[in-house]
Amino acid sequence: MSGGPPDAIEGTAEVNGARLWYRITGEGEPVAQIHGAGFGHFNFDLATPELARHFRVVDYDMRGYGQSDRPVQQYEMEVWADDLAGLLDALDIERAHIHGTSMGGMIAIVFAGKYPERTASVVINCAAAKLGYAGRLVFRNWIDIARNDPDGPGSRTLAELIAWQAFSKAFLEAPGAEAAVDNTQRILRESNDVEVFAAACQAMCDMDLRDWLPRITSPSLVLGGSEDLMTPWDQGPGGAGQDAIYEGIPGAEKHVVAGSGHSTIFDNSEEHNRVVVDFFTRHSPAAALAAPTSRAGVEL
């Protein structure tokens, strides 16, 4: 099911009462990747091979997804952030770069704020700190479709809606777009149970992560697409989007992928991966020792 490279190491670890599946690829400084709602570790299929050329990449299925346990329970970003800390403990990793996308970016905010000593640097991709009303409607629609369609989270309607919300217009007009929707549907079907899927969507609707932002002391990059419909840079007056995350984290950097939608990993993977590799490399302990500098807000 994982489709990982042949030299990857796979296993499971007991973390906070749940069994979590993980895969480690590459060597070097550790990078932990936190996937988005519904997608499991497949979220990073187009990022892991490139990142693993430079780092030791930890992909995993969070509690509630994929090959990990899927308990029906109360879910919120801090639950998943604590699970990542426990997984790093199980893997004897004291400190890692954090790469979170979509809901994984929201979890990355909490992890970096709660565990600053364990965060070498953090990339927050296509996320929000608080959803505005329009943002909440997105995930309420996901809940309604998953609960009302006989195919649950594997619904074709849901896959097509997510593709429209996540991929850029250029990506959807290119050859292979229908295959990408097919793959989205397959991942949603294989990685989710309806009650956990709904609970995760509700957790995003309920969250307010703004108080975590000033607690983040690690080098931070807010990375997203200019055409992101799902978690836009501006969530409106009632929310806190990617711009608010950038403004709320002291010394954060910002990179906008022109023409990309919510899934920069998919619709502009070359630029996404280049920016992430560069950021983690610049903020490695070795680089810090070689050229210590004070951080300042940077727009790339």
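1. A quick word on terms: contact here means heavy atoms within 4.5 Å. By that rule, and leaving out residues up to four places away in sequence, Glu271 touches His255, Val256 and Val257. Glu271 sits in helix 11 (residues 269-282); helices are DSSP runs of H or I with at least four residues, strands are runs of E with at least two, and both are numbered from the N terminus.

2. Before going on, note that this is a predicted model, where local features need pLDDT of at least 70, side-chain atom pairs count only at pLDDT 80 or more, and totals for chains, interfaces and linings use all residues. Residues are numbered from 1 along each chain as its sequence is written, and side-chain values use heavy atoms, with hydrogens and water left out.

3. Is Glu271 buried or exposed? Glu271 counts as buried because its relative accessibility is 19% (buried is under 20% relative accessible area, exposed over 50%, partly exposed in between, with a 1.4 Å probe and protein chains only). Glu253 lies 18 residues from Glu271 along the chain, with 16 Å between their C-alpha atoms.

4. Now helix 4 (residues 133-148). Buried residues in helix 4 include Phe139, Trp142 and Ile143, and their cover includes helix 5 (156-166) and helix 8 (194-206).

5. How do helix 4 and helix 5 cross? Their axes come within 10 Å, at roughly 165 degrees (axes are lines fitted to C-alpha atoms, for helices over the stretch in contact, with angles from 0 to 180 degrees between N-to-C directions). That makes the two roughly antiparallel, a label for angles over 145 degrees. On the helix 4 side, Val138, Asn141, Trp142 and Ile145 make the contact; helix 5 brings Thr157, Leu158, Leu161, Ile162 and Gln165.

6. Residues meeting here include Arg136, Phe139 and Trp142 of helix 4, and Glu195, Phe197 and Met204 of helix 8. This contact divides into 10 nonpolar, 1 polar and 4 charged residues.

Note on methods:
Parallel < 35°, antiparallel > 145°, perpendicular 65-115°, else oblique. Nonpolar A, V, L, I, M, F, W, Y, C, P; charged D, E, K, R; others polar.
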